[in-house]
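Welcome to a short tour of a protein model. Have a look at the sequence and the 3D view first, and then read on.

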Amino acid sequence: MIRAMPETSKTAPTPSARRVAGPSHGSPADRTRPALAVVGVVALLALGLAIWALLRPTPQSSSVTAAAPTYTDAQQAAAKSKVCAAHGLVRVGVNVNTNLQPPGGPDDAVGALAAAANARVALGGGGQYLLANLDPATPQPVADAVRPFALKLMDIGAAATAGIPNTDPQQAARLQDADKMNTEIANLCK
């Protein structure tokens, strides 16, 4: 059965009457409290998970180590031949281009700059070319000699590009080291 609704007062409640009655049940503060509690719980769970992830022991890797690849004698010979051919080509290119004279003689400023640029390209490019031709099957003694030589060539070229003259003590030392390395590789490639 439907009952009649109680009559409402025609006068608005006073502020003190509202305070006594308490906050209304539909206020935004009442609706956000449960949401804030859920957010707080989720934040605490996330913090706990993060701390656990940071402090948990890492899984032990298996004690089995991957075996180093093995190469046949033919593969090693082919790799050595390849890098030795690259060394021979770089050796000639660096020798030719670092000893170029300006075509117009010692007073040819443009020719001197062109000759210097060719030398720098031969050094930097030669080092990169050697590294690119270094095969994983290259015998260890040859590979161990070629890598630092290639890097030394690039160091010399970079220093020259920066304007450091060959008479600079550090550049002169780099040049001497490169000469020794070059001879060592030539002997290994015989």
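A residue is called buried when its relative accessible area is under 20%, exposed when it is over 50%, and partly exposed in between (1.4 Å probe, protein chains only). By that rule, 22% of the 190 residues of the protein count as buried. Please keep in mind that this is a predicted model: local features need pLDDT of at least 70, side-chain atom pairs count only at pLDDT 80 or more, and totals for chains, interfaces and linings use all residues. Residues are numbered from 1 along each chain as its sequence is written, and side-chain values use heavy atoms, with hydrogens and water left out.

**The overall plan**

The protein has six helices and zero strands, and its pattern along the sequence reads α-α-α-α-α-α. Helices (H or I, at least four residues) and strands (E, at least two) are DSSP runs, numbered from the N terminus. Contact means heavy atoms within 4.5 Å. Among the contacts with a separation of 6 or more, 64% join residues 24 or more positions apart. The protein exposes about 14,000 Å², and carbon and sulfur atoms supply 64% of that area. Such accessible areas come from the Shrake-Rupley method with a 1.4 Å probe; for residues, only the protein chains shown count as cover.

**Two helices side by side in a table**

The expected span of a helix is 1.5 Å times one less than its number of residues.

| Helix | Number of residues | First to last C-alpha | Expected span |
|---|---|---|---|
| α3 | 26 residues | 37 Å | 38 Å |
| α4 | 24 residues | 34 Å | 34 Å |

Which residues of α3 are buried? They are Ala79, Val83, Cys84, Ala86, His87, Val90 and Val94. The cover over them includes α4, α5 and α6. In α4 (residues 109-132), the buried residues are Gly111, Ala115, Ala119, Ala122, Leu123, Gly126, Gly127 and Leu130. Here the cover includes α3 (73-98) and α5 (140-161).

**Two asparagines**

Asn133 sits in the loop between α4 and α5. Is Asn133 buried or exposed? Asn133 counts as buried because its relative accessible area is 12%. A polar atom of its side chain lies 2.9 Å from the backbone oxygen of Tyr129. That is a polar contact, a pair of N or O atoms within 3.5 Å; within protein, one must be able to donate a hydrogen and the other to accept it, and residues adjacent in sequence count only if both atoms are side-chain atoms. Not counting residues up to four places away in sequence, Asn133 touches Lys82, Val83 and Ala86.

Asn182 belongs to helix α6. With a relative accessible area of 14%, Asn182 is buried. Leaving aside neighbours within four places in sequence, Asn182 is in contact with His87, Arg91 and Phe149.

**Towards the surface**

Thr183 is also placed in helix α6 (residues 169-188). Thr183 counts as partly exposed because its relative accessibility is 42%. A polar atom of the Thr183 side chain lies 3.0 Å from the backbone oxygen of Asp179.

Ile51 is found in helix α2 (residues 28-55). At 42% relative accessibility, Ile51 counts as partly exposed. Together with Leu44, Leu47, Leu54 and Leu55, Ile51 forms a nonpolar patch on the surface, with about 590 Å² of accessible area together. Patches are made of residues with over 30% relative accessible area and no salt bridge: like charges are joined within 9 Å, nonpolar side chains (Val, Leu, Ile, Met, Phe, Trp, Tyr) within 5 Å. A salt bridge is a side-chain nitrogen of Lys or Arg within 4 Å of a carboxyl oxygen of Asp or Glu.
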